[in-house]
Each structure stands twice: as structure tokens, then as C-alpha cells.
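Thanks for coming, everyone. Please bring the structure up on your screens.

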Amino acid sequence: MPRPRNDTFLRALLREATEYTPVWLMRQAGRYLPEYNETRARAGSFLELCRSPAFATEVTMQPLARYELDAAILFSDILVVPDAMGLGLYFAEGEGPRFERPLREEWEIRDLEVPDPYVSLRYVMDAVAEIRRALDGSVPLIGFSGSPFTLACYMIEGGSSEDFRRVKTMLYDRPDLLHHVLDVNARAVTAYLNAQIESGVNAVMIFDTWGGALACGAYREFSLRYLSQILSGLLRSREGHRIPAIVFTKGGGNWLEEIAGSGCDAVGLDWCVDLGAARGRIGDRVALQGNLDPMVLLASPEAIQRESRRVLDSFGAGPGHVFNLGHGVIQHTPPENVGVLVRTVHEYSRAQRSGGG
Ligand code: CP3
């Protein structure tokens with residue numbers, strides 16, 4: 001498998017020089033795109049999109065047909081892993097994800113097993129292979145997983161939560177039990193990401209969406225520690241090419257130095273941190289990915305240009321930046337605004353490099 005023709009994204013993750021700043025967006029395939037909604041209606045549901053390699057490939061490719069994005073991201077969901085552990089994932093209309101069998105009893109936690117990704121998540125590996133064929137060597141494909149703690153939040157709460165009261169009660173009352181869940185999750189995620197790497201992804205990203213909800217010391221003990229465990233078990237190269245790993249803890253601005261020391265190649269940043277300041281703290285060790293507020297995409301083209309230039313100026317000259325939002329594209333985003341963003345990032349960052357920015 002040769003490197004993709006446009007490997008700008010991979011080079012930026014390895015802090016190598018690039019002609020411009022590469023850009024992709026979390027949730028670049030999603031409900032803001034009419035063609036996504038059309039495919040989803042044909043598939044019947046979001047989970048059917050995820051479970052069918054043909055549909056997953058179709059929606060993965062949709063944003064790439066519209067915009068000059070520098071990477072594709074596997075279309076799937078972080079919650080397919082606990083689903084493969086037997087928790088029974090479903091989406092109730094308008095309610096977000098839920099589990100039929102959340103972890104409530106100690107015996108349910110003791111019974112948890114690491115799923116074989118080539119058996120119960122075979123459809124994801126088939127999607128990776130099919131997407132690689134559809135990409136035909138154009139841009140890199142990003143694989144992903146949830147972090148052990150973020151997965152545990154959904155597994156224990158049974159769905160989305162505002163306060164994480166069940167998982168936090170367990171953390172303080174029965175840390176041994178939560179550690180058991182996290183250890184199983186870390187082993188499951190390691191096997192799952194390694195299978196994605198063997199199936200053809202060019203980089204991996206771990207979404208620690210709820211790590212930022214933890215108290216300071218608790219973040220280290222219950223999230224970061226398991227991120228490090230995964231990173232030390234990942235296949236880091238395939239056929240002589242490094243497979244970079246990105247860690248994104250939303251709300252993790254307080255712990256950037258420690259996240260940078262977890263063994264990852266790049267750190268994802270939400271919009272609450274100043275990119276230039278983050279670069280000063282950890283940019284000599286890892287690449288940075290982020291960090292435009294997704295709500296900017298609801299504003300005028302002028303505001304989108306101004307705010308995306310502000311992010312590029314904040315990072316400044318030199319390698320090691322992948323442009324992204326600080327979280328996913330929201331459903332209410334006008335599709336043409338994403339085009340404005342991608343063009344601005346490419347044009348302005350080229351000009352920056354030639355001294356004109
Ligand atoms: O980024 C991409 O384009 C790749 C696809 C992707 C999805 N989910 C598709 C999706 C990725 C990388 C995810 C990750 C994910 N899933 C996370 C971590 C990142 C984050 O957003 O914080 C989390 C926490 C989940 C769990 C999840 N899946 C929630 C909370 C929801 C409901 C919220 C919502 O936006 O509806 C989902 C559903 C989901 N996952 C959708 C998509 C496109 C919307 C489903 C639909 O079509 O109705």
C-alpha cells in the first residue's frame with residue numbers, strides 16, 4: 001500500500017514541512033449534508049449506514065466530493081465497540097444513542113469481554129477496505145475509536161448524560177470496578193484500532209469526548225492512563241510508513257503537557273485553548289489539530305474567513321498543524337460555509353508560507 005498522493009495531512013502530523021496547512025473536519029460526513037440525509041433514508045437508519053460497508057463508503061466519500069479536504073474519516077461510531085460487547089446499541093429518534101443493557105450490576109461488569117474485531121466488528125474492517133478502494137490513493141483515511149473513559153460513560157450511564165452521575169459515583173465508591181471496565185475497554189480499543197490499521201487506515205484518532213468532565217487527578221487516573229496503555233500497544237507503522245495517532249480530550253486544556261506525553265503523535269484541541277499558547281506548551285513534541293469553534297460555520301463568509309485566519313495566525317509559521325474544528329460540524333451548518341472554510345485555510349496558509357500571510 002503506497003502512501004496517498006496527497007499526504008499533506010500525514011506529513012503535518014509528523015511535524016514535517018508542508019506547502020499549506022491540511023484540513024479535515026470532525027463529523028465532515030453528517031446531517032448538514034443533504035446527500036447524507038438521502039443515503040441515510042435509503043439505508044433506513046444511522047446504524048444501517050454504519051453496518052453496511054457500501055453505505056459507509058458512500059457517506060465517507062460525500063464530503064470529499066464537495067470540498068478539497070486533505071483526509072477522509074471512516075464513517076462509523078465510537079459506540080459500535082460496546083455494541084460488539086453485547087450492550088445493544090440503538091438510537092431513539094431525537095434522543096441520541098442508548099444501550100439496551102447498560103452496565104448496572106457487578107456481575108455484568110465482571111462478565112465483559114474484549115470482542116474480536118475481525119468477528120463482531122468485521123463490517124468496520126470491510127468498510128475500511130472498501131473506502132480505501134474508493135479513495136484510490138487520493139487522500140489518507142483516518143480510523144478512530146472512543147477512549148476507554150468516554151466509552152465507559154455511555155456503557156454505565158446507558159446513553160448521553162448531563163452530569164455523568166452514575167459513572168462518577170462508581171469512580172468514587174468502587175474505583176476497582178471502574179478500573180476493570182476501563183482495562184477491558186483499553187484492550188478492546190487496542191485490538192480494534194490495530195485491526196483498522198491492518199485493514200488499511202493511514203492514521204488513527206482516539207476521541208476522549210468526556211475526559212474533560214473529570215476532576216484533575218481523576219483525569220490522570222481514569223482517562224490518560226488508559227490512553228497511554230492503548231498507545232503503547234498500537235501498531236505504529238505499516239510497510240515502513242508511520243501510522244500517526246491523534247488524541248483528542250475535549251476540555252483537556254489543563255493537561256496538554258501530560259496528553260502530549262501519552263505517546264501520541266498529535267493532540268486535538270477544542271476551541272477553549274489558544275492555539276499559539278498550546279504550541280508554546282507542547283508544539284515542540286507533538287503536532288496540534290484544531291481548533292476553530294464549530295459555531296463559526298453558522299456565521300457569514302467574512303466571519304469564517306476572519307476566524308479561520310485567526311487560528312492560522314495563532315499557530316504561526318512552521319510545521320505541525322492540522323486545521324480542524326474544536327468539535328464536530330453541527331447539523332445546522334450551511335454546506336457552502338464548509339467550502340469557504342476549506343478554501344480559506346488552503347489559500348491563507350499557502351500565502352503565510354510565502355511570506356504574504
Ligand atoms: O467524523 C466523521 O465524519 C466520522 C463519523 C463519526 C460519527 N460519530 C458519526 C455520527 C465519528 C468520528 C463519531 C464519533 C462519536 N460518536 C463521538 C466522539 C466525537 C464527538 O462527537 O464527541 C461520540 C461521543 C459519539 C456518540 C454519538 N453518536 C452521539 C452522542 C450521537 C448523537 C449525537 C448526534 O449528533 O446526533 C451519535 C450519532 C452520530 N454519529 C451521527 C453521526 C453522523 C448522527 C446520526 C444520525 O444520522 O442521526
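Start at Thr209. One of its polar side-chain atoms sits 2.8 Å from an oxygen atom of the ligand. Keep in mind that this is a predicted model. Now turn to Arg31. Here a polar side-chain atom is 2.6 Å from a ligand oxygen. Gln28 takes part through its backbone instead: a polar backbone atom lies 3.3 Å from an oxygen atom of the ligand.

How much of the ligand does the protein cover? On its own, the ligand has 880 Å² of accessible area, and the protein covers 88% of that.

Next, the shell. The ligand is surrounded by 22 residues. Arg27, Arg31, Tyr36, Arg40 and His327 are the closest of them. By class, the shell splits into 14 nonpolar, four polar and four charged residues.

So much for the neighbours. Where does the ligand sit? The space it takes is the largest pocket. That pocket holds about 1,400 Å³ of space. Its lining counts 41 residues, and those closest to the pocket centre are Arg27, Arg31, Asp77, Phe91 and Pro97. Notice Arg27 and Arg31. Both are among the residues closest to the ligand, and both are again among those closest to the centre of the pocket.

Which helices and strands each supply at least two residues of this lining? There are two helices to look at, H2 at 34–43 and H3 at 46–51. Then come two strands, E2 at 89–92 and E3 at 96–99. As for residue classes, the pocket lining has 21 nonpolar, 14 polar and six charged residues.

Stay with Arg27 for a moment. Its place is in the loop between helix H1, residues 8–13, and helix H2. The backbone there deserves a look. Arg27 is not a glycine, yet its phi is positive, at about 60°.

Is the peptide bond from Gly290 to Asn291 cis or trans? The bond is cis, with omega near -5°.

A probe the size of a water molecule, rolled over the atoms, shows where empty space is left. How many cavities of 30 Å³ or more does the structure hold? It holds two.

Take the largest cavity. About 90 Å³ of space lies in it. In classes, that gives four nonpolar, two polar and five charged residues.

The second largest cavity has a volume of about 40 Å³. Its lining includes three glycines, Gly252, Gly253 and Gly268. Thr249, Leu256, Leu269, Asp270 and Val273 line the cavity too. Here the classes read three nonpolar, four polar and one charged.

To wrap up, go back to the ligand. It takes the space of the largest pocket, and polar atoms of Gln28, Arg31 and Thr209 face its oxygen atoms at the distances I gave. That is my tour.

Note on methods: Residues numbered from 1 in each chain as written. Predicted model: local features only at pLDDT ≥ 70, side-chain atom pairs only at ≥ 80, totals over all residues. Heavy atoms only, no water. 1 Å grid on protein atoms, 1.4 Å probe; cavity = no way out; pocket = protein on both sides within 12 Å on 5 of 7 lines; lining within 4 Å. Points joined across faces, edges and corners; volume = space filled by probe spheres on them. Helix = DSSP H or I, 4+ residues; strand = E, 2+ residues; numbered from the N terminus. Nonpolar A, V, L, I, M, F, W, Y, C, P; charged D, E, K, R; others polar. Near = heavy atom within 4 Å. Polar contact = N/O pair within 3.5 Å; in protein donor to acceptor, adjacent residues only side chain to side chain. Areas by Shrake-Rupley, 256 points an atom, 1.4 Å probe, with all protein chains shown as cover. Sits in = over half its atoms within 2 Å of the grid points.
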